[in-house]
Amino acid sequence: MDRAKAAVPEESKAAGADFLQLDVGEAPPGGRADWLAARLRSAIADGRAPVGTRLPASRVLAAELGVSRGVVTEAYQRLAEDGQVAGRGRAGTVVVATPAAVVTRPPEPRRAPQVFATRPGVDAFDELRAVPAQVDLTPGVPDLAAFPRAAWLRAERAVLHRMTPAALGYGDPAGTPALRLAVANWLARNRGVRADPAEVVIVAGVSQALGLLARVLHDRGTHTVAVEDPGSLGVRQHLVYSGLATPPIPVDDSGLCVDELERSGAPAVLLTPAHQFPTGVVLDGDRRRRLLRWARDGGLAVEDDYDAEHRYDRPPVPALRAMAPDRVCYVGSISKLLAPALRIGWMLVPPALHADVVAAKRAADLGNAALPQLVLAELMESGALERHLRLLRHRHVRRRDAMIRAVRAYLPGAVVHGAAAGLHLMVTLPGDVDDRVLAAAALRRGVKVHPLSWHSRRPQPPGLVLGYAATPPSEIDRALSTVADAVTPPRDQGVRVRVDLLEGHELLDQPGRGGAEGGW
C-alpha cells in the first residue's frame with residue numbers, strides 16, 4: 001500500500017469539489033476568484049444551482065478546492081453584489097435570483113414597441129412594464145433581490161408571537177399605533193421631522209397619499225396643484241386622474257423656480273426638494289426660504305420626500321415639513337427602501353386637513369393590512385431597517401459608479417445629472433436627438449429606459465432617465481453599450497439616432513422635445 005501511494009506523484013492530486021464538479025485546475029493563475037464566480041454564475045443561469053440552492057460554506061469549499069477561504073468569500077461576494085445570492089445567517093449562502101441571459105448576438109429585427117410612439121397615456125407604465133427586456137433600467141425600481149427576507153421573517157415571527165387576537169380585527173384607518181409611532185421615530189432620527197404619532201396617517205404608498213390629498217383639496221375648492229417641470233409623469237397622472245389641473249413650474253440648478261410659482265397663482269405645489277425627479281437637484285437654501293414664505297402667505301406645499309434616504313456624496317437635506325408643519329403636507333414610503341409590492345407609505349398633513357384625510361382613507365379601504373404594518377414597525381424599531389439602508393448605500397454606490405463609467409465610455413458628450421443621491425441618473429445628450437426614438441431603439445434591442453421628454457412638458461434638452469439600483473455592474477455596462485448601438489455620432493454634431501434600426505418609422509414624425517402641453 002505504501003508503494004502504491006508513492007507511485008502517485010504529489011502534483012497529480014487535483015483538488016476539486018463534488019459540488020458542481022469544480023476543478024480548481026481550470027482556474028488561471030491569479031484568477032481563482034474570477035473563475036469560481038464565473039462557474040457559480042453559469043450554474044445558476046443554466047439551472048444546475050436553481051433558486052433556493054444552498055451554496056457550500058466558504059470554509060468547506062475552500063478546503064475541498066485547496067484554495068484560501070478568501071478566494072471563495074470573494075466569489076460569493078461578487079454574486080451577492082449582483083443580487084444572485086444572499087446570506088441567510090445560519091442557513092448559509094442561498095441562491096435568490098438568476099442572472100439575465102447573456103446575449104451573444106443582436107436580436108432579430110422587430111417592430112419598435114408602440115409605447116414610445118405617441119404621448120404617454122395613463123397605461124404607459126403598465127405597457128412598458130409588460131414589454132420583455134434583457135436589462136431594465138427603469139428609474140425608481142429598487143434592488144428587489146436585496147429584500148431582507150431573513151430579517152422580515154424574524155420580525156414577522158416576533159410579531160405573531162406576541163400578537164393578540166384583537167389585533168387581527170378592524171383597526172384604526174389611520175394605521176396601527178405601533179407603526180405610527182415607529183414612523184414618527186424614524187422621521188425624527190433620519191429626517192429631522194418632529195411629529196406626534198397621532199399626526200401620522202399610514203397609506204398604500206405615495207400614490208394613494210396623493211389621491212387622498214387630491215380628493216380632500218378638491219372637496220375644499222382647490223382644483224389646481226402646480227408640479228415641477230421636468231417632473232414625474234406618474235405623479236402628474238395621479239393628480240390629473242383625481243381632477244386637478246397641474247400647471248408646470250420650471251426647475252433649474254437650484255430647484256423649483258419659486259418666482260414662477262408665485263406668478264402662476266397656484267394655491268398648492270407638489271415638489272421633491274431633497275432629490276428632484278428626474279434632475280436630481282436639491283432645492284437650495286434661498287429657494288427654500290422663499291417657498292416657505294409663499295406657504296405662510298397661504299400656499300400649501302406637498303413634499304414628496306423622494307429618495308431622501310439614498311444619498312452618497314452629499315450631506316443630508318432637511319425636510320421642509322420640519323420648518324413649516326402647518327403649511328407642508330409630507331409624504332413618503334418604503335417602496336424604494338424595501339419593495340413597492342408592500343404598498344406602505346405615510347403622510348403628515350397640516351392639522352386643518354388631518355380629519356378629512358383620515359375620513360378619505362376610511363372610505364377608501366378601512367386602512368392598510370395590519371400584519372405588514374406591525375412587521376415594518378418591528379424592523380424600524382429594532383434597527384434592522386437602518387442596517388439594511390447601510391447595505392443598500394454601499395451597493396448603490398458601486399452600481400452608480402458603474403453607470404457613470406459606462407455613460408462616459410459609450411455616450412461621449414452626454415452629461416450626467418443627479419449622481420450624488422437617488423436610484424437613477426438623468427443623462428442629457430448633445431446634438432439633434434429625439435429621445436423617444438432612442439428609447440424605442442434601445443427597447444427593440446432589449447434595454448428599457450425612460451426618455452426625458454416623457455417627464456417634460458416645456459422644451460428640454462433631449463435625454464434619458466436611467467435607473468441603476470436593480471442592475472448589477474456587469475449588466476449596466478452591457479446595457480449602455482446596447483444604448484450606444486442605437487446612436488451614431490455624425491461628423492458635425494453630437495449623438496444622432498440610427499434611423500436604420502427603427503422599423504417603427506412612424507416615430508420619426510413625432511415631436512422630439514417638449515412633451516405634451518397640459519397634463520397627461
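**Charges on helix α14 and beyond**

Let's start with the positive patch. Two helices, α6 (149-162) and α14 (384-410), each supply at least two of its residues. Keep in mind that this is a predicted model. Take Arg-390. Its place is in helix α14. Arg-390 is exposed, at 52% relative accessible area.

Now to the salt bridges. Side chains of opposite charge can pair when their charged atoms come close. Here the count comes to 23 salt bridges.

One of them joins Arg-398 and Glu-81, at 2.6 Å from N to O. Arg-398 is in helix α14 and Glu-81 in helix α4 (residues 69-81), so this pair ties together parts 317 residues apart in sequence. Arg-398 is partly exposed, at 40%. Glu-81 is buried, at 14%.

Next, Glu-386 and Arg-189. Their closest N and O atoms are 2.9 Å apart. Glu-386 belongs to helix α14 and Arg-189 to helix α7 (residues 177-191), so the bridge links parts 197 residues apart in sequence. Glu-386 is buried, with 16% relative accessible area. Arg-189 is partly exposed, with 43%.

Asp-485 lies in helix α16 (residues 473-485). Arg-445 lies in the loop between α15 (435-444) and β16 (447-448), so the parts tied together are 40 residues apart in sequence. Asp-485 is partly exposed, at 30%, and Arg-445 is buried, at 18%.

Last, a network. Asp-34, Glu-74 and Arg-78 are joined by salt bridges that share partners.

Key:
Residues numbered from 1 in each chain as written. Predicted model: local features only at pLDDT ≥ 70, side-chain atom pairs only at ≥ 80, totals over all residues. Heavy atoms only, no water. Helix = DSSP H or I, 4+ residues; strand = E, 2+ residues; numbered from the N terminus. Buried < 20%, exposed > 50% of the residue type's maximum accessible area, 1.4 Å probe, protein only. Salt bridge = Lys/Arg side-chain N within 4 Å of Asp/Glu carboxyl O.
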